[in-house]
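I opened this entry to keep track of what I looked up in the structure and in the record that goes with it.

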Amino acid sequence: MGFNFSYFVTSFKQALLYVPVTIKIMLVTFVVSFIIGTIIGAVRFYKIPFFSKFFSIFVTIYLGLPVTVALVLYNLIFLTCYNDFANFFHINKQISDINPIFVAYIALIAGYSCNLSETVRGNLRSIDKTQFEAGYSIGLTKLQTFRNIIFPQMIPNMIPGLLNNLIGILKGTNLVSTIGITEVMVAALYPCQETYSYLEGYLAAAALYWIIGIVIENIGHFVIKFSSKNNKEVWNYD
Amino acid sequence: MIELKNVKKKFGNNEVLHDVSLSVNDGEVVVLLGPSGSGKTTFLRCINFLERADAGILKFDEEEIDLKRAKKKQILDIRRNSAFVFQNYGLFNNKTALQNIMEGLVVVQKRSKEEARKIALDSLEWVGLKDKADYYPSQLSGGQQQRVGIARAVALNPKFILFDEPTSALDPELVGETLSVIKKVAKKGITMIIVTHEMSFAQEVADRVIFMDGGVVVEEGAPDEVFYKPKEERTKKFLARILQKDMYYI
Amino acid sequence: MGDYFSFDRFLVRIGQITPYVLVNFKMVFWAMLIGTICAIAVAILRLKKIPVIEQILIVFISYMRGTPLLVQMCVAYYGIPIVFGNLIYNAFGINLNRLDAIVFVIIAFILNEAAFLGEIFRGAILSVPTVQTEAGLSIGMTRLQILFRIVLPQAINVAIPQYGVDLIGVFHNTALAFTLGVLDMMSRARTLGVSTGHTLEGFVVVAIIYIIISLILKALFYLLEKKFQYGRR
């Protein structure tokens, strides 16, 4: 057994077809998690009664749960409970007709929302206090100050953190293979089931993930460069 | 006596030092003045090899050192005979005030810990911070940090001390305490080269004032001469501007 | 509603699964021990900026950061026997194909940590302000003295929290090892589920063990972090 380049090419082509699936899971997870993460981060930052305490306990505990374990667990709950659930609500769909992708979304979004909420909170804390006070001093409400003044200032500082999260989520989409959803890696392995030579499949998947990651990182660096252009001029002064 | 001859330094295409020479007698206090970007700080850093000059000779203790081609041993020798006080204090963040002073005594001068501790405590007392001996830099005010920095320099008993804008990072109300400690150092008779923007302090402490601009020495002389009877047009302009802004010009 | 979850079965599962956490610990232990040593080498080599080696390390780190760990594990599992199989067999008489999957999982972890921790260490060393080094130079210390007495103690202060996060991440990632047939908590929970027909309790136990141990690790690193604060709050 050795490395067979034509197997690799076959796997690579097969996996290429599933790049849109991986990217879609990544983007949906990222956008939804960012929105939820921002809300959780803000609630904790502003110490809103009850919710702040609740989320602080929830996030601390939930960050202790590996996404893989969450995925397997939620999938299991879905598989064992679906029939009773469907009967109870009179849903006439067989379990095999339901795409388990929504289970994957729940697990991924729950996990990465917690991660992103920490990123958001960290950035909120790094914003100068006078920015808040300046907003209040001209009569803006807390929400208006957050939306019009604080949040826009956070974005440029947050881009590196968001980029890390995005790459993390890209790699996280690979985990959905453990509950039988076809993404880049699973697709790359299809041809291997005939050849019994798996290395080529995994290398093809690795190559694809790597390429997608590099593209995202380059886009990110471009955005960082673009957004810090104005700041740089300040530093060059003197 | 320290003698510097024809010191030159470029950063990329930017010529910061264009042939600067200076000699300082033993026990003399020399103040370097000039607008920002005039090369004073770079000049000071070149003396201690924190910056490698492109050309120039340093004569110290009858030894001539080529600033560009100095060997490791020569550099270490200069550094062990001198001390540097940094603009942003340069205290070791992982060490207490006492440990900061002891570090050089123990590691460089190979003194015993007890001896080093005694010297360090004495010099802390000398700058009025004996009670802060076990504080970390992050727990001290800027003025206190800089006084520890000066105590660290003095404790090593150097032949000369270089001060790089020692008060320009300080809040105005903390400048006074630091300057009075530097005056105390001057009274000890240690050779000092000071870069500062504090005009009245310079006038009081300096034996000689050097005015630099654009990488060259424009004018030098006794403080009263340079301040009240400047000969060069550039010096006059600089003094007029700086005195207008009072003493807290940076 | 059916009989999904029974508290009695849950209690039984705790006893059946908990011992297997040691398999996860074993992976974390070797990954962190050898991974940290490799990472120090990676960080120092990158800071020295030696041509060719630097470029190789940049590509290595980019690969490790850009590809999912599960894929890396599988590449190690299938790839190492193919590339090094004959060499190792001839030299040591070990047949890599017969080796336990956990060995390859640990190798994948080590390579991954060499890259991730290497970057953490490098960043920590770079985060120490240059004036700290200059202050050391100005009082006549040598570069080596400054590195060990001034720069590294301050870098540790920066690296500890990130090291803790990374270690907990490795512990979480051991949950992937069961896909290659490593007999850890996940795999035990699955086997018990298949043999009894009740899977849920087992995975709930796994989830709880992961959460509790993560919280304990987090607390430990918090205490460690406080020890290295040098007066900062």
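Confidence. I am working with a predicted model. I noted an ipTM of 0.86 and a pTM of 0.82 for the complex, as given by the predictor. For chain C I found an average pLDDT of 90, with 98% of the residues scoring at least 70.

Chain contacts. I asked which chains share the most contacts. Two pairs of chains are in contact, and chains A and C share the most. I then checked chain A against chain B: they do not touch, and their nearest C-alpha atoms are 8 Å apart.

Annotated span. I looked up chain A in UniProt, where an unreviewed entry annotates residues 19-220 as "domain: ABC transmembrane type-1". In the model this span is 79% helix and 0% strand. I found its end C-alpha atoms 19 Å apart.

Helix pair. I took helix H7 (residues 142-172) and helix H10 (residues 199-227), both of chain A, and found that their axes come within 10 Å and cross at roughly 175°. H7(A) is therefore roughly antiparallel to H10(A), since the angle is over 145 degrees. By class, I listed 12 nonpolar, three polar and one charged residues in this contact.

Residues in the contact. On the H7(A) side I noted Pro156(A), Ile159(A), Pro160(A), Leu163(A), Leu166(A), Ile167(A) and Leu170(A). On the H10(A) side they meet residues including Tyr209(A), Ile212(A), Gly213(A), Ile216(A), Glu217(A) and Gly220(A).

Conventions
Residues are numbered from 1 along each chain as its sequence is written. Chains are lettered from A and ligands numbered from 1 in the order in which they are written. This is a predicted model: local features need pLDDT of at least 70, side-chain atom pairs count only at pLDDT 80 or more; totals for chains, interfaces and linings use all residues. Side-chain values use heavy atoms; hydrogens and water are left out. UniProt positions are given in the numbering used here, feature names are shortened, and annotations may be inferred rather than shown by experiment. Helices (H or I, at least four residues) and strands (E, at least two) are DSSP runs, numbered from the N terminus. Contact means heavy atoms within 4.5 Å. pLDDT is the predictor's confidence in each residue, from 0 to 100. Axes are lines fitted to C-alpha atoms, for helices over the stretch in contact, and angles run from 0 to 180 degrees between N-to-C directions. Angles under 35 degrees count as roughly parallel, over 145 as roughly antiparallel, 65 to 115 as roughly perpendicular and the rest as oblique. Ala, Val, Leu, Ile, Met, Phe, Trp, Tyr, Cys and Pro count as nonpolar, Asp, Glu, Lys and Arg as charged, and the others, Gly among them, as polar.
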